[in-house]
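Here is a walk through one protein model. Keep the sequence and the 3D view side by side as you read.

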Amino acid sequence: MTITNEDLAKALRPVAPPRVIEDVYTDDQHERIMGVLKRQGPWPTITAHHFDTVEELVATTSGPMREGEGPKLTLDDIATGHFRGYLAKGSTCFYPELEDCFYNEKFLDLARDYWGAAYAKPTHMLFNFCGAHHSGLNPHLDAVQFRGIRLENSPVWLANIMGKSGLFQDHIVKMAQVIAWWYRGENGTFTYWPDGPFGQPKVLEHPLWDKGVVVQNEVMFHRGDPVGRPEDRDIPGLKHRSMIGYEADRDNWAITTDGEVIRRYQPEETRLLVHWSAELYSDMEELEKSLDHSDDLTSDMIFDRLIADMKNRGVKVDQPSDPMHDSDFIRSLIATYTIAPTTDWIPKPAA
Ligand SMILES: [Fe+2]
């Protein structure tokens, strides 16, 4: 028995309806962000940031492969012309000229208000940058985190299962994002499912210029819609290791593979997304718990709770000796809690 659609729909709704906002950044902030993009590139593909092998990609999304279960695809097969760079990580801003964008009073206010929480801290900031390119249509969730189970110490598939199970809601790390777009080309909208995966999706429509949303993307399905006109989306020669960089002499953007230009975009053809993320604490007690780790989940606690729940649901499950690495057990978990795609870089499954 798996969890029901109603269970899923209940768990996969943001804490509050997404808020659409205009004039997210000032023109001056936007110009400084673009300055960093131009000066500090070239920038790698989104997949290159996160994976060196297809095995890693599969393990992130669906758990580890069984031995001998070789990948049928290479990372080049699933490369898309979408590029990413980090502007801040671990609450640390990488570029002094962007500190007002990252330690952003307006965003902190928006995030606190969205959650009705007393405290917030910015955690990371990244951009996605592209022109017309092929991309999948799969909606996804961003990675959810729990006190004690974080991206730094746990595989994403485990956090996904915990999120889907609904058994660990008391330990969820409250997060909110402010995401903004600048794009004047065709398509390239943002679609999201504020009423759960079975509800009506909404689309953030054009004009996507300095327009954004306040969201909780780790529990709300969403996707970036394909960018550009369909006939402009081919990028012959695109590889996992391709990069995008600014060519000052031509004032355009070039995708290169091993230093060779394979595609150029005019500035007005490019789409910029800036993603700012914060953690929230309802009150001082919750902040203290997070700081002193007195209420962290441990992997023993997690697997005990999951196994008890599976048994309750009538799933036949043997006590695994090494649950974190037992492929059969992990597959059984995934089947019970019907893991769904979590990342932007998942290839579209064969129909
Ligand atoms: Fe996402």
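Start in strand 9, where Gly212 is the bridge partner of Ile21. This is a predicted model: local features need pLDDT of at least 70, side-chain atom pairs count only at pLDDT 80 or more, and totals for chains, interfaces and linings use all residues. Residues are numbered from 1 along each chain as its sequence is written.

Strand 1 and strand 9 (residues 208–215) run antiparallel and are joined by three bridges. Strands here are DSSP runs of E with at least two residues, helices are runs of H or I with at least four, and both are numbered from the N terminus. Two strands pair if DSSP finds at least two bridges between them. The pair belongs to an open sheet of seven strands, in the order 1-9-6-14-5-3-4, with antiparallel pairing. Strand 1 (19–21) and strand 4 (92–93) each have a single partner strand, so one side of each is left without a neighbour in the sheet.

Now step back. The protein has 10 helices and 14 strands. Of its 351 residues, 35% are buried, meaning that 20 or more other C-beta atoms, placed from the backbone, lie within 10 Å of the residue's own; 12 or fewer makes a residue exposed, and anything in between partly exposed.

Next, the interior. A nonpolar core is a set of buried Ala, Val, Leu, Ile, Met, Phe, Trp, Tyr and Cys residues joined through C-beta atoms within 7 Å. The largest has 54 residues, and Ala111, Ala176, Val178, Val214 and Leu280 have the most contacts inside it. Strand 6 (residues 174–183) gives this core its largest share, eight residues. A second, separate core of 16 residues includes Val144, Ile161, Met310 and Tyr337.

An α-helix has 3.6 residues a turn, so residues three or four places apart point the same way. Just after helix 9, Gly314 takes a positive phi of about 85°.

Finally, confidence. pLDDT, the predictor's confidence in each residue from 0 to 100, averages 89 over the protein. Over residues 341–351 pLDDT stays under 50.

Methods: Contact = placed C-beta atoms within 7 Å.
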